[in-house]
Amino acid sequence: MVKRTIKRRKSIKAAPLARGGTVINRAFDLVMWIDSPFKLFAVVVLGLLFGSGFLAYHYKDQIIASRAGSTMAERDDLARHARDLIRDTGAITVVIHKIDVLKNRRETVIAMRQDGNREVSLEGSIGVIFNASQNRQKAAAAMLNAEIDCDTFEASSKIGEWVESQGVRFLCRAPIGKRGDLVGYLAIGFSQQPKDIIALRGRISLAVDQMVH
């Protein structure tokens, strides 16, 4: 009777990580060290953590800025931009509101007449963003989508009554801030619809970009 001898294969031990050498040698040592699914999983997880940490550090300033959110410019700067708008567009009024969308709240920051003077008695007035007016609701929805709304004007608030008393019959409303992070809006009034709405929208866009930082 012939006996069969079974030879057992010797397990191959992975080479330890080299402490010195080039980057290629270290990479080769790492590959040799990975001899099980668990070690491969560990290397992948560590790589992802290192990569995300590097990206977070590299873009830390942008991340901090985005988390901080937008803030409206100072009142004096807002007034200066409002005067420039009146000068460039021939508007009768410019009103700037600070808003809190979640609370449906607005606060009038600037109320300016055609001569560049401010109606200080109206500044600080508290109102709402959405009300029963269909024109207001349409304009608010457009601004939430980062769009400028221009349409015939009908007063639906105390501020609106003042705007109407100045002779405004056509109004453009523009959001201040990024989409999803609105901090206010601008309302610029005219006695009639301007001839070049496209150019008007461009000038308004430039103004609201300068009203936030």
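## A word to start with

A residue counts as partly exposed when its relative accessible area lies between the buried range, under 20%, and the exposed range, over 50%. Asn-104, at 25% relative accessibility, is therefore partly exposed. Please keep in mind that this is a predicted model.

## The protein as a whole

Let's step back for an overview. The protein has 213 residues, and 33% of them are buried. Its accessible surface comes to about 14300 Å², with 57% of that belonging to carbon and sulfur atoms.

Seven helices and six strands make up the list of elements. Starting at the N terminus, they follow the order α-α-α-α-β-β-β-α-β-α-β-β-α. If you look at contacts between residues at least 6 apart in sequence, 51% of them join residues at least 24 apart.

## Two helices side by side

Helix H4 spans residues 75-89 and helix H7 spans residues 197-209; their axes come within 11 Å and cross at roughly 165°. Angles over 145 degrees count as roughly antiparallel, so H4 is roughly antiparallel to H7. The crossing of the two is right-handed.

Which residues make the contact? From H4 come Asp-84, Leu-85, Asp-88 and Thr-89, while H7 brings Leu-200, Arg-203, Ile-204 and Ala-207. By type, the residues of this contact divide into four nonpolar, one polar and three charged.

Most residues other than glycine have a negative phi.

Asn-104, the residue we began with, sits in the loop between strand E1 (93-100) and strand E2 (105-112). Its phi is near 50°, a positive value in a residue other than glycine.

Ala-146 is not a glycine either, yet it has a positive phi of about 65°. You will find Ala-146 in the loop between helix H5 (134-144) and strand E4. With a relative accessibility of 44%, Ala-146 counts as partly exposed.

Where is Ser-156 placed? Look in the loop that runs between strand E4 (149-152) and helix H6 (158-165). Ser-156 has a relative accessible area of 31%, which means that this residue is partly exposed.

Setting aside neighbours within four places in sequence, Ser-156 is in contact with Asn-131, Ser-133 and Arg-136. One of these, Ser-133, is 23 residues away along the chain, and its C-alpha atom is separated from that of Ser-156 by 6.4 Å.

How values were computed: Residues numbered from 1 in each chain as written. Predicted model: local features only at pLDDT ≥ 70, side-chain atom pairs only at ≥ 80, totals over all residues. Heavy atoms only, no water. Axes fitted to C-alpha atoms, helices over the stretch in contact; angles between N-to-C directions. Helix = DSSP H or I, 4+ residues; strand = E, 2+ residues; numbered from the N terminus. Parallel < 35°, antiparallel > 145°, perpendicular 65-115°, else oblique. Left-handed = near helix turned anticlockwise from the far one by under 90°. Contact = heavy atoms within 4.5 Å. Nonpolar A, V, L, I, M, F, W, Y, C, P; charged D, E, K, R; others polar. Buried < 20%, exposed > 50% of the residue type's maximum accessible area, 1.4 Å probe, protein only. Areas by Shrake-Rupley, 256 points an atom, 1.4 Å probe, with all protein chains shown as cover.
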